[in-house]
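Here is a short briefing to read alongside the structure. Keep the view open and pick out the side chains as they come up.

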Amino acid sequence: MQISITQPHKEYEGTTAQHISYLITTQTELKTFPKSECQVRRRFQEFVWLYNTLVDEYPASMVPPLPGKHRMEYFKGDRFGEEFVEKRKDSLERFLQRVARHPTLQKSVCLRNFLTAEKLSTTAPKGEGALENLGEVLINAFTKVQKHDERFLEIKESVEKFSENLHTIERLHQKILKKQMELEPDYAALETEIKALSQLETRIAEPLLKFASAIEKQAEVTKEMIGSEEAGFLSQIHEYISYCTNVKGVMKLREQKQIDFEELSVLLDQQKSEREKLVNHGRTSGISSFLKGKYDEIKGVDQEKARQQKLEKVEAKVKELEREVDSSGDLASRFSEEVLKEFAIFQTSKTIDLKDSFHNYCNSQMDYYKSGISIWEEIIPILEGIQPQ
């Protein structure tokens with residue numbers, strides 16, 4: 001499946017319903033699609049619906065992040081401005097491409113509807129949404145997994161280190177961009193001074209003006225490089241920081257499934273222990289057991305009948321818990337296996353995206369320095385040609 005986003009267009013301009021729509025073109029060989037090429041227009045809120053629906057319907061999947069979903073820095077500036085719209089368009093395209101690469105998500109009904117339906121119904125998805133999961137999260141907030149699986153400990157450590165590295169790259173790159181942005185007013189000031197000098201030194205005014213022009217060109221290619229890297233390289237770093245957040249969320253949900261299984265297993269063991277005591281006629285040592293027996297005799301309670309009734313209740317509870325433990329264990333096991341598959345998909349996606357991202361970053365740097373070399377190689381002979389008098 002190949003997906004591209006083009007032609008952002010401002011709809012209902014000047015009204016409270018004003019928004020940007022994007023033309024989405026999909027080319028696919030999947031038989032579930034009505035035709036091999038489809039085109040639709042979608043607004044950002046419909047992308048939000050797609051993301052939320054995928055998260056809801058595929059809780060074990062590490063759904064790629066939606067741009068601006070986790071990092072509020074994305075929303076700085078005019079959201080209808082050309083620069084912002086272009087940046088969002090590129091990020092939304094990468095989001096859809098990542099979903100399209102996912103072997104499970106690419107076959108989802110909601111994605112097919114999003115890419116093909118003329119009118120999209122964006123009603124809230126049913127099932128375990130954020131509010132439904134909140135209770136489970138709070139219940140297990142102070143509970144930890146007792147039996148750790150080394151595979152998931154390694155995954156957790158790997159994601160943590162990857163996230164830390166991304167944050168380090170982000171901080172360093174922002175420092176570099178800040179230094180480069182600080183050059184812009186210096187270039188402008190130098191250009192102004194050289195032009196002023198050309199008015200005083202009329203004999204060499206022409207080469208000085210060409211020198212000022214070279215400075216202006218250098219400032220322009222620097223600005224273009226900064227814009228390109230902010231929109232491309234830095235945006236993808238931000239997206240993968242958010243992607244790591246999604247991965248950690250799925251890992252946390254897996255832990256909750258494991259905790260449910262372990263706690264049910266503990267309850268089952270307790271009920272089995274109680275059943276064992278009752279089967280052995282409740283013969284337990286201790287003053288409390290002796291006093292209870294005497295108290296029941298005084299009240300005329302048939303201890304054997306009471307024991308049998310209690311045994312029946314405990315037996316029913318044991319059978320119920322056995323079913324729950326089997327079901328919970330099966331769910332935790334299947335969920336864990338799905339998470340392992342999902343992490344492998346995440347690793348593949350990460351390799352593809354970061355390879356392209358660093359490749360584009362290198363090309364951006366090379367183009368920048370090639371342009372700079374060309375600018376200064378052109379002006380140097382002119383400056384060297386000035387003859388002193």
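## Briefing

Gln-7 has its place in strand S1 (residues 2-11). The model is a predicted one, and in it Gln-7 has a phi near 50 degrees, a positive value in a residue other than glycine. From that strand we can move on to the whole chain and then to its side-chain pairs.

**The chain as a whole**

- The protein chain holds eight helices and three strands.
- Followed along the sequence, these elements give the pattern β-β-β-α-α-α-α-α-α-α-α.
- The chain has 389 residues, and 39% of them count as buried.
- Among contacts with a separation of 6 or more, 75% are between residues 24 or more positions apart.
- The chain exposes about 23,700 Å², with carbon and sulfur atoms supplying 53% of that area.

**Another positive phi**

- Tyr-12 is not a glycine, yet its phi is positive, at about 50 degrees.
- You will find Tyr-12 in the loop between S1 and strand S2 (19-27).
- Tyr-12 has a relative accessible area of 57%, and because exposed means over 50%, Tyr-12 counts as exposed.

**Salt bridges around Arg-98**

- Searching the whole structure turns up 17 salt bridges.
- One of them joins Glu-239 to Arg-98, with the closest N and O atoms 3.0 Å apart.
- Glu-239 lies in helix H6 and Arg-98 in helix H2 (residues 82-101), so this bridge ties together parts that are 141 residues apart in sequence.
- Both Glu-239 and Arg-98 are buried.
- Arg-98 also meets Asp-353 in a salt bridge, at 2.7 Å from N to O.
- This second pair links distant parts of the chain, since Asp-353 is in helix H8 (residues 303-384) and Arg-98 is in helix H2, 255 residues apart.

- Lys-272 and Glu-322 form a salt bridge whose closest N and O atoms are 4.0 Å apart.
- Lys-272 belongs to helix H6 and Glu-322 to helix H8, so the pair ties together parts that are 50 residues apart in sequence.
- Lys-272 is partly exposed, with a relative accessible area of 31%, and Glu-322 is partly exposed too, at 30%.
- Back at Arg-98, salt bridges that share partners join Arg-94, Arg-98, Arg-101, Glu-239 and Asp-353 into one network.
- Helix H6 (residues 205-279) also contains Ser-273, which counts as partly exposed at 36% relative accessibility.
- The C-alpha atoms of Ser-273 and Val-314 are separated by 9.9 Å, and the two residues are 41 residues apart along the chain.

**Aromatic pairs**

- The whole structure has 12 aromatic pairs.
- In one of them, Phe-47 and Phe-114 have ring centres 5.0 Å apart and planes at 70 degrees; angles over 60 count as edge-to-face, so this pair is edge-to-face.
- Tyr-368 and Tyr-369 make another edge-to-face pair, at 4.9 Å centre to centre with 70 degrees between the planes.
- Tyr-368 is buried, with a relative accessible area of 10%, whereas Tyr-369 is partly exposed at 48%.
- Elsewhere, Phe-162, Tyr-240, Tyr-243, Phe-343 and Phe-346 form one aromatic cluster.

**Charges over rings**

- The charged end of Arg-88 sits over the ring of Phe-44, 3.7 Å from the ring centre.
- Lys-257 lies over the face of Phe-335, with 5.7 Å to the ring centre.

**Cysteines**

- How many disulfides does a search of the whole structure find? The search finds zero.
- Cys-38 is buried, with a relative accessible area of 3%.
- Cys-244 is buried as well, at 0%.

Methods: Residues are numbered from 1 along each chain as its sequence is written. This is a predicted model: local features need pLDDT of at least 70, side-chain atom pairs count only at pLDDT 80 or more; totals for chains, interfaces and linings use all residues. Side-chain values use heavy atoms; hydrogens and water are left out. Rings of Phe, Tyr and Trp (its six-membered ring) pair if their centres lie within 6.5 Å; planes under 30 degrees apart count as stacked, over 60 as edge-to-face and the rest as tilted. Buried means under 20% relative accessible area, exposed over 50%, partly exposed in between (1.4 Å probe, protein chains only). A charge sits over a ring if NZ of Lys or CZ of Arg is within 6 Å of the ring centre and within 35 degrees of the ring normal. A disulfide is a pair of cysteine sulfur atoms within 2.5 Å. Helices (H or I, at least four residues) and strands (E, at least two) are DSSP runs, numbered from the N terminus. Contact means heavy atoms within 4.5 Å. Accessible areas come from the Shrake-Rupley method with a 1.4 Å probe; for residues, only the protein chains shown count as cover. A salt bridge is a side-chain nitrogen of Lys or Arg within 4 Å of a carboxyl oxygen of Asp or Glu.
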